[in-house]
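Me: I would like a close look at one part of this model. Please keep to what can be read from it.

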Amino acid sequence: MLHRALGTTGPQVSALGLGCMGMSALYGPADRDESLATVHAALDAGITLLDTGDFYGMGHNELLIRDALRAHRREEVQLSVKFGALRRPDGTFLGYDGRPEAVHTSLAYSLKRLDTDHIDVYRIARCDPQVPIEDTVGAISEAVQAGYVRHIGLSEAGCASIRRAAAVAPIADLQIEYSLLGRGIEDHILPACRELGIAVTAYGVLARGLISDNWPRNRAFTPDDVRGHTPRYTGANAEYNLGLVDTVRALAKDRGTTVAQTAIAWALAKGPDIVPLIGARTRERLAEALGALDAPLTPEELTRIEEAIPPDAARGDRYPADQMPYLAPHTA
């Protein structure tokens, strides 16, 4: 397994991380036994970075990871945890809580659910517009000093918030959506991170499964699948975006790889400070994703794919309308 550094102050991690959200929430039903087997297979393959959030399944995901890690040594794994999302019992989002009191309380619950004495990278899921980011990061820094957290991360933050946070304490990485169908960070956010020595852990590299060979036309979603309520994945937008995926498919065929492997290879080729998070929920999808490490893009292939799919080519917002107000614009 290749490794990459999480910024100039963070740890060395596997070049691919495993995003575990879909094993508990938002993408429809998941099989517990297969989820556990997938985590085991990822760790056995050399993946060291597991990404979760305390609101994924209202704690379910942290408990799942706890159970999976019982068969592995804790020091072999880096746990990246998000906190701060406020939700109703029906799952709808209410906003985010970045108060120092909320930081310490959320951390205490996550440590308990994960059955660990520390979290490797801790971050608020979205910046709380009611709380200065300095206060939120300052509270996480206190947890670092106390030994409960090893490194501080950010998630979906704009340039101003990134700079303000970095002035308080070292920031290891920014977790943010980045894919062939979502390249908005390239103009401002990615350069700012590189200037400050902050890595990017890129989620949504496969556009929530859209960039793959497994997304049927006129897909039917279960009621608990957030993609069915998201403009990018429904109606005419979905049909248009699948046409972009067909462009990736043509290149993948020439390379002898799958669509997903080509998309992951693209993210890996965008810089050694990019760590793609793979949201595999099965061992089959995990094995496919790992194959991208053996088929890097050539410079010519990278140019070809980016000329075919320019920035902002995709249509439709990448989140449901009720969550869009909490997302930092990628140009901020």
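Is R208 buried or exposed, and what is its relative accessibility? Please also describe its surroundings.

Reply: The model is a predicted one. R208 counts as buried, because its relative accessibility is 11% and the cut-off for buried is under 20%. R208 sits in the loop between strand 11 and helix 7. Strand 11 covers 199-203 and helix 7 covers 235-255.

The backbone deserves a remark. Most residues other than glycine have a negative phi. R208 is not a glycine, yet its phi is positive, at about 55 degrees. A207 also has a positive phi, near 50 degrees, and is likewise not a glycine. A207 lies in the loop between strand 11 and helix 7, and is buried with a relative accessible area of 1%.

Elements giving two or more residues to the lining include helix 1 (32-44), strand 7 (93-96) and strand 12 (274-278). Helix 8 (259-269) and helix 9 (283-290) are also among them, and helix 9 gives the most, with 3 residues. The pocket volume is about 990 Å³. By class, its lining holds 25 nonpolar, 13 polar and 12 charged residues.

Conventions
Residues numbered from 1 in each chain as written. Predicted model: local features only at pLDDT ≥ 70, side-chain atom pairs only at ≥ 80, totals over all residues. Heavy atoms only, no water. 1 Å grid on protein atoms, 1.4 Å probe; cavity = no way out; pocket = protein on both sides within 12 Å on 5 of 7 lines; lining within 4 Å. Points joined across faces, edges and corners; volume = space filled by probe spheres on them. Helix = DSSP H or I, 4+ residues; strand = E, 2+ residues; numbered from the N terminus. Nonpolar A, V, L, I, M, F, W, Y, C, P; charged D, E, K, R; others polar. Buried < 20%, exposed > 50% of the residue type's maximum accessible area, 1.4 Å probe, protein only.
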